[in-house]
Amino acid sequence: MQNLSVSKHHALSVSELNRQVKNLLEASFIEIRVSGEISNFARPSSGHWYFTLKDHKAQVRCAMFRNANQRVGFTPKEGDQVVLSANVSLYEGRGDFQLIGRMLEKDGVGQLQQAFERLKTQLSQEGLFDAHHKQAIPTLPAHLGVITSPSGAAIHDILSVLKRRYPGLPVTIYPAAVQGEDAPAQLRRALRQAQQHAVADLLVIGRGGGSLEDLWAFNDEALARDIFNCQLPIISAVGHEVDFSISDWVADVRAPTPSAAAELISPDQDALRMQLDRHEMALKRLLRQQVQQQRERILQLKRRLRHPGERLREQRRHLTSLESRLRRSMEHRLLTARSRVDITRGRLITPNDRLAMAQAQLTALDQRLQRGMHATQEQHHYQLANLAARLNSISPLATLERGYAIVKNAQGEVVTDAAQLHSGDQISATLNRGTVTARVESAGN
C-alpha cells in the first residue's frame, strides 16, 4: 500500500490532498467489477453517463465517459441491476469518491424492482387488487382530503387545478413525508387521521415524480393494506404517468399524476352551469304544465257546481214522487182489504154468521189498515220532514233568517258587487220578513 507523502511540518492544501488520494486509489485498484442497482441516471448532451450504483446498504457515484459507453449494447435505466467494470478514482474538484466505468453489463432486475414485483404478486393473489373491492368515487365530493407533503409539487398542482375547475370544494391537507425511511409510517398515520377526522368524503394520496427509490414509500406493504381497509374512497396519484406503485394498484382509483387526480374529481364549472340551466328550463316547463292542469281542473269543477235553486227543484220533484207512491200504496192496501172482506162475506154459512164474521174481519182489517196507514204516514211524514229540513238548510230563505239580505237594483236585478251601484241609485233589500227600499249615498269596493 502506497503511503501519502506528508511531512509533519508541512500542511497539505486541499488540492494536494485530493491529488495524492486520487493517485493512491488509482494505484491500489487497477480495475474492479462492482454489482449494484442503477439510480439517478443522467445523460447530458456531452454523451457521458453519470449515475449512482447502490445496494440496500450503500451507494457510490459513477461516471462512464462517451468513448467507453459507446461500447455498451444498451442504455441503462432506473432500477437496472448491472455489473460495472471500473477504475476507482477521486474527482479532485469536489473530493468525491467515484468509479470510472470501462464496461457495463446487465445483471438481472434491480433488487427494489424485484421486491416490488414480489409484493405486487403477493397482494394480487390475496385479492387486494380485485375490482369488486373498489369503492365508487363521488361524482361531486363535498370535502376533499389530501395526504401528501405540504411543501411538495403535488399539493400545488392539485390546488391549482381545483382553483380553476372547482373552487368551491373544501380541501384539508393531512401532511406526511413522501420520501425516506419515515415516509411509510407518516403516510399511514395521516391516513388514520383523515378517517378519524370524518370530514372528507374522498381522499387523494400521492406525490410528484421521482426515481423508483424516491417513490418507494408508496410500495410499503403495511401502507397498501391500510389503503385497502380505508373506509373512505381513495385515489392514488403517485409520480408521473409512466410510474406505477403498489398504492396505485390497491387504491379505488389510480390517477396518472396529482393534477390528473384533481381533474378527475372536479367537475367543469361551465358543464355544471349548462346542466343547471337545463334543469331550470325543465322545472319551468313542469311548473307551467301543473298550473295549466290546475286551471283546467278548476274550470271543470265550476261546470259541475250546481245552483241551490236547481237542487231545491230536484228535492221538490223527489218529494212529489214520494207522495204519489204513498197514495198509490194506500189505495192498493184499501182495495186489497176490501177484496178480502168481500171474499170473507162470501164464505159465511148464514147471512147473520157471515155478517158477523165479515164484520169482525172488517173491524180487524180496518184496525190493521189504520195502524198500517198510520205507520206509513208517520214514516213518510218523517222522511218529508227530513227532506224539508235539508231543503231549508240550503234555501236562500234560511240564509235570510240568519240576518243576510238580497239586494236588487231598480231593474230588479240582484246586486253582488258594490261596483254595480252608483251614488243616488234606488235599491230594495229582501229581508227574512219584508222588503226595504233605500237610496245609495256612496258605493265602492
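Q: Why does C230 count as buried?
A: The relative accessibility of C230 is 4%, and buried is defined as under 20% relative accessible area, exposed as over 50% and partly exposed as what lies in between, with a 1.4 Å probe and protein chains only; C230 therefore counts as buried. This is a predicted model, in which local features need pLDDT of at least 70 and side-chain atom pairs count only at pLDDT 80 or more, while totals for chains, interfaces and linings use all residues. Residues are numbered from 1 along each chain as its sequence is written, and side-chain values use heavy atoms, with hydrogens and water left out.

Q: What makes C62 buried?
A: Its relative accessible area is 4%, so C62 falls under the limit for buried residues.

Q: How many disulfides does a search of the whole structure find?
A: A disulfide requires a pair of cysteine sulfur atoms within 2.5 Å, and the search of the whole structure finds zero.

Q: Which residues touch the most other members of the largest nonpolar core?
A: A nonpolar core is a set of buried Ala, Val, Leu, Ile, Met, Phe, Trp, Tyr and Cys residues joined through side-chain atoms within 4.5 Å; in the largest one, which has 30 residues, these are I147, L187, L203, I205, F218 and I227. With helices (H or I, at least four residues) and strands (E, at least two) taken as DSSP runs numbered from the N terminus, the elements that give two or more residues to this core are α3 (111–126), α5 (183–197), β8 (202–207), α6 (221–229), β9 (234–238) and α7 (246–250). The element that gives the most is α5, with five residues. A second, separate core has 18 residues, including V60, V72, V82 and L99.

Q: With which residues is L203 in contact, leaving aside its neighbours within four places in sequence?
A: Contact means heavy atoms within 4.5 Å, and by that rule L203 is in contact with G145, I147, L191, A194, C230, L232, P233, I234 and I235.

Q: How do you know that E126 and R225 meet in a salt bridge?
A: A salt bridge is a side-chain nitrogen of Lys or Arg within 4 Å of a carboxyl oxygen of Asp or Glu, and the N to O distance for E126 and R225 is 2.8 Å, so the pair qualifies. Because E126 lies in helix α3 and R225 in helix α6, the pair ties together parts that are 99 residues apart in sequence. E126, at 42% relative accessible area, is partly exposed, and R225, at 26%, is partly exposed as well. These two residues and E221 are linked in a network of salt bridges.

Q: What parts does the pair of E263 and R164 tie together?
A: The closest N and O atoms of this salt bridge are 2.8 Å apart; E263 lies in helix α8 (residues 258–265) and R164 in helix α4 (residues 153–165), so the parts tied together are 99 residues apart in sequence. E263 also meets R165 in a salt bridge at 3.3 Å, N to O. R164 counts as exposed at 51% relative accessibility, whereas R165 is buried at 16%.

Q: Why is R254 said to sit over the ring of F244?
A: A charge sits over a ring if NZ of Lys or CZ of Arg is within 6 Å of the ring centre and within 35 degrees of the ring normal. The charged end of R254 is 3.9 Å from the centre of the F244 ring and sits over it; K106 likewise lies over the face of F74, at 5.0 Å from the ring centre.
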